[in-house]
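Open your viewer and keep the selection tool at hand. This tour goes stop by stop.

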Amino acid sequence: MACYSYTSNALINYNNNIEIVYSASGNTYSFSSIAWICEFPVDEQLAVYTRPSPTGTETLRIYNTDYTINTTTNNIVFTSAPAGQVVIRRSTPSQRMLFKFIDGAKFTANQIISSLQQVLFMVQE
């Protein structure tokens with residue numbers, strides 16, 4: 001899906017756009033079906049885990065240490081092939097809002113929609 005833009009008119013579905021679980025096989029895993037917000041870097045919006053089995057304990061993997069992100073192909077690329085399962089989960093930044101609204105300032109529809117999209121994503125997660 002790449003990043004979500006309000007101008008795309010694409011619907012955001014809760015069930016299909018939050019998490020992907022793969023049986024580990026190789027180094028490359030797609031996150032193309034996960035919606036993310038264009039205004040935040042994608043590495044700030046994805047959490048990548050491995051686990052030995054569906055009921056096993058998840059281990060958070062470290063960006064630029066355990067894996068890299070290719071935003072052209074929408075792939076997570078591990079530095080070494082993981083075992084078990086790979087979990088890619090959207091994790092929208094909640095420590096800061098995209099835009100700060102100030103009394104009397106001009107703001108755009110894009111700023112409003114993007115801010116509401118951030119809140120929607122946080123609620124979905």
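Two strands pair if DSSP finds at least two bridges between them. Strands themselves are DSSP runs of E, at least two residues long, numbered from the N terminus. This is a predicted model: local features need pLDDT of at least 70, side-chain atom pairs count only at pLDDT 80 or more, and totals for chains, interfaces and linings use all residues. Residues are numbered from 1 along each chain as its sequence is written, and side-chain values use heavy atoms, without hydrogens and water.

Select strand 3 and strand 8. They pair in the antiparallel sense over 3 bridges. Find Y29: I76 in strand 8 stands opposite.

Strand 7 pairs with strand 8 (residues 75-78), antiparallel, over 4 bridges. The two form a hairpin with 4 residues between them. Stop at N74 in the turn: its phi is positive, about 55°.

Zoom out. The open sheet of 3 strands runs in the order 3-8-7. Strand 3 (28-30) and strand 7 are the edges, each pairing on one side only.

Now select Y67. Which residue of strand 8 stands opposite Y67? It is F78. Y67 is buried, at 3% relative accessible area (buried is under 20%, exposed over 50%, partly exposed in between, with a 1.4 Å probe and protein chains only). Y67 and F78 also form a tilted aromatic pair, 6.2 Å centre to centre, with 55° between the planes. Rings of Phe, Tyr and Trp (its six-membered ring) pair if their centres lie within 6.5 Å; planes under 30 degrees apart are stacked, over 60 edge-to-face, the rest tilted.

Last, show Y22, Y29, Y63, Y67 and F78: ring pairs link them into a cluster.
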